[in-house]
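Please open the model in your viewer and keep the selection panel at hand; the stops below follow one after another.

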Amino acid sequence: MMCGLARPTSGTARIMGIDIKKNPEKARSNLGYMAQKFSLYGSLTVRENLDFFALAYGISLLKKEEKVNEVIDVFGLREYQNAKAEELPLGLKQRLSMAAALIHNPPVLFLDEPTSGVDVLTRRDFWNHIISLSKKGVTIMVTTHFMDEAEYCDRISLFYKGETIAVGTPTELKQKAAAFNPSPQPSPQRGEGVLPTMEETFITLIKESERGKS
Amino acid sequence: MIRDFLRRVAALIKKEFRTIWNDPKSRAIIIAMPLMQLLVFSNAVTMEVRNIDTVVLDRSRSVESRELLSRFENSSRFREFYYAENEKEFRQYLDTQKAQLGINIPNDFARGIKSKTGANVQIISDGRQTNSAAIASGYSSQIINLYNAELAGNKGSGLNITVRNWFNPNLEYKWYILTIIVAMLSLVTTLILTSLSIARERELGTFDQLIVSPLSSFEILLGKSIPPLVIAMTLTMVMIGIVIVFFHVPFNGSIILFFVSILISLMAIVGVGLYISSICNTQQQAILSVMTFMMPAVLLSGFISPIEDMPICLQYLTYLNPVRFFMVLSRGIILKGVGISDVIVNIIPLLIIALITLTLASRTFKRKLG
């Protein structure tokens with residue numbers, strides 16, 4: 001909805017103070033979006049893709065060259081810049097998508113399961129990027145089903161069957177789960193009073209919400 | 001503001017051209033396919049009836065019957081003559097379609113002519129091919145009538161008919177068929193190109209990326225319709241050039257009128273194609289929808305049968321069909337050299353069709369998302 005992919009039914013939402021219903025184009029120019037599936041133009045080269053998105057996001061012709069070169073360097077795409085996007089391996093495709101999403105320095109970034117199907121090293125790389133961006137003050141929204149990734153986030157919203165069942169920082173959520181289920185699974189590595197892992201937290205909270213309903 | 005708008009649209013147009021050009025399949029659709037079809041169809045698609053094979057059962061075997069048959073043999077319309085010995089053989093030639101026409105001369109033929117009591121000749125044509133049958137028997141009666149007139153002697157009191165064919169004096173079938181083939185080929189190419197464009201992006205997921213960008217529906221519409229329009233325009237002009245230079249079809253109308261009417265016709269067709277594309281989720285759906293649209297659109301365009309001969313309600317239906325006006329315009333301007341008023345009458349409906357389909361297309365981009 002925020003990205004303009006779904007139509008809001010009621011209520012208001014603002015991105016950087018701009019109403020998404022009243023001024024959708026302007027609101028969208030403030031955000032970057034990276035889809036789960038690779039969705040850049042496969043038949044264009046890396047550079048042509050970045051050129052297009054730079055201009056589509058309103059970067060002026062004079063600054064475009066500089067900006068494209070900058071993201072190519074940041075994401076280490078220099079040696080692939082003339083390769084067709086569809087011929088890149090998955091990890092590089094993801095980097096290219098990220099580069100395209102960030103080309104206009106958006107203050108808000110949406111990442112839809114950015115690391116599904118990506119190898120461990122690229123994933124680590126990726127999160128380093130995300131964390132450094134968030135330190136620069138970029139608001140980032142990530143959806144993921146890897147619970148260890150969720151741990152990196154500042155604020156988590158747990159979704160179950162299309163509904164939010166819990167919101168909070170990772171520690172808050174863990175404490176909440178611990179209250180329901182004082183000692184989840186006694187294990188030798190863990191003494192009393194230690195918080196459950198993110199995965200255990202998630203499972204506990206889902207079970208609680210099921211019980212609450214029935 | 002306006003500069004931002006132009007810059008975004010220009011970027012989209014450039015990207016469209018690049019994606020079309022980089023893909024060997026779409027390159028084939030816009031270059032190889034239409035040009036090859038133009039060459040093949042211009043020679044293959046003909047409604048002229050030539051090379052008629054004939055079977056003859058001559059029971060008279062007289063000077064008079066020989067005289068009549070030699071006139072058939074000297075006509076360029078007829079090719080092969082088979083002489084049957086009996087009725088059974090005669091029948092077989094027609095049954096197996098070895099001959100399309102049968103001439104049956106009874107044994108009292110010569111006697112009838114000599115005694116001036118009148119003689120009969122039977123012409124049998126193959127009704128399985130209605131059109132050729134009618135034309136072939138037409139040729140035969142022409143030949144027989146001439147012979148008849150000669151036998152009756154020149155009394156000088158008969159009616160002489162003078163036929164003149166305007167706009168195509170020698171009824172060169174190629175003139176007619178070529179202008180239509182060009183229109184058809186640009187129709188097919190434009191429809192395929194536009195109907196695939198949005199459906200392909202939807203299938204690959206790139207359309208989401210466009211929707212998320214600050215591009216508005218109107219900008220996407222412009223970026224999606226201008227490249228196919230330019231490509232189709234260029235293609236049509238090249239094909240018309242080929243038709244004029246290599247096939248010697250005369251161009252009687254005004255080039256400017258032609259350019260404007262082709263542009264507007266193609267705009268209406270781009271509109272139809274983009275609308276089809278916007279309601280389809282995959283390329284396969286898009287191609288199937290194009291087929292579904294093409295069949296009635298071509299049949300009800302006046303290409304196969306004149307619109308004036310259709311039932312009244314179907315005649316009104318053809319007003320919704322952009323191909324109809326496209327056909328009238330391209331044929332009218334090239335062969336007839338119609339003036340501005342005739343062109344405008346046909347352009348207005350096309351403009352309306354373009355406006356409606358393009359608006360629907362840009363609305364559907366978004367509605368599909370919810």
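A residue is called buried if 20 or more other C-beta atoms lie within 10 Å of its own, exposed if 12 or fewer do, and partly exposed in between, with C-beta atoms placed from the backbone. This is a predicted model, in which local features need pLDDT of at least 70, side-chain atom pairs count only at pLDDT 80 or more, and totals for chains, interfaces and linings use all residues. Residues are numbered from 1 along each chain as its sequence is written, while chains are lettered from A and ligands numbered from 1 in the order in which they are written.

Select Phe218(B), which sits in helix α9 (residues 217-247) of chain B; helices are DSSP runs of H or I with at least four residues, numbered from the N terminus. Phe218(B) counts as partly exposed because it has 14 C-beta neighbours inside 10 Å.

Next, select Leu50(A), Ala99(A), Ile103(A) and Val182(B), the residues with the most contacts inside the largest nonpolar core, which has 106 residues. Such a core is a set of buried Ala, Val, Leu, Ile, Met, Phe, Trp, Tyr and Cys residues joined through C-beta atoms within 7 Å. Helix α7 (residues 173-204) of chain B gives the most to this core, with 16 residues.

Finally, colour chain A by pLDDT, the predictor's confidence in each residue, from 0 to 100: the chain averages 81, and 91% of its residues score at least 70.

Definitions and conventions. Helices (H or I, at least four residues) and strands (E, at least two) are DSSP runs, numbered from the N terminus.
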